[in-house]
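User: I would like to learn how to read a structure of this kind, feature by feature, with the general idea stated before the particular case.

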Amino acid sequence: LTPLVRGWECVVVSRPEDLAAVYHERGVGAVQFTPTVWAALYDARLTPQILLCGGEAMPQVLAQSLRSQSFASTNVYGPTETTIWSTHSSIVARPDSDVSIGVPIYNTTTYVMTLSEYKPAPPGISGELWIGGIGVARGYHNRPELTAAKFISHSFGHDRVYKTGDLVRWNAEGELEFVGRIDHQVKVRGFR
């Protein structure tokens, strides 16, 4: 949607092996892929003005590579249940820390909650990421039990928040760092 709002066109590529060729033929200015796809296309030398990466945890070595190739590199994070993007961070390769998933986007609030008491976790302490704001879905279609477990009411300023199941912590720069999952869910090429 962002390219369309800016007056650009969207280019959809159906076959992964055609990505690099279409990119170079069409003069694409903004690209979003998962880290797995970016790593696979590294040798294709894609250098868009706007580079977005999300859907999986960002490896530090990939962050260093992407930062050196693009005008504006952004790591975007967010589950489908919160309308995809919930946080963003400039991709900065810091050799001594994990790649940040950033800070909340406009009209979104994030909470890092302790796993045992459901209280706000202090900086540096891992907890479950809860997301509130206008992008939070109403729930799961025809799954009232799962909706009740994952979309909850609370008193922090939003009527409802989504409990992501993602383990995160606030870093010293005031950004969120992805630590892992509180369950056994895995992602393969961006799919749960």
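User: What is the mean pLDDT of the chain, and where is confidence lowest and highest?

Analyst: pLDDT is the predictor's confidence in each residue, from 0 to 100, and where it is low, the predicted coordinates should not be read in detail. Here the chain has a mean pLDDT of 86, with 90% of its residues at 70 or more. Confidence is lowest in helix 1 (residues 2-5), with a mean of 75, and highest in helix 5 (residues 144-150), with 96.

User: How many helices and strands does the chain have, and which strands does strand 5 pair with?

Analyst: Helices (H or I, at least four residues) and strands (E, at least two) are DSSP runs numbered from the N terminus, and the chain has 5 helices and 10 strands. Two strands pair if DSSP finds at least two bridges between them. Strand 5 (residues 100-104) runs antiparallel to strand 4 (residues 87-90), with 2 bridges, and Thr 87 has Pro 104 as its bridge partner. Strand 5 is also joined by 2 bridges to strand 10 (residues 176-181), again antiparallel, where Leu 176 is the partner of Gly 102.

User: What radius of gyration does the chain have?

Analyst: The radius of gyration is taken over C-alpha atoms, and the globule rule is 2.2 Å times the number of residues to the power 0.38. For 192 residues the rule gives a value near 16 Å for a compact globule, and the 18 Å of the chain agrees. The C-alpha trace spans about 50 × 40 × 30 Å along its principal axes.

User: Are Glu 56 and Pro 123 buried or exposed?

Analyst: Buried means under 20% relative accessible area and exposed over 50%, with partly exposed in between (1.4 Å probe, protein chains only). Glu 56, in the loop between strand 2 (50-54) and helix 4 (60-69), is buried because its relative accessible area is 17%. Pro 123, in the loop between strand 6 (108-113) and strand 7 (127-133), is exposed because its value is 65%. Of the 192 residues of the chain, 39% count as buried.

Definitions and conventions. Residues are numbered from 1 along each chain as its sequence is written. This is a predicted model: local features need pLDDT of at least 70, side-chain atom pairs count only at pLDDT 80 or more; totals for chains, interfaces and linings use all residues. Side-chain values use heavy atoms; hydrogens and water are left out.
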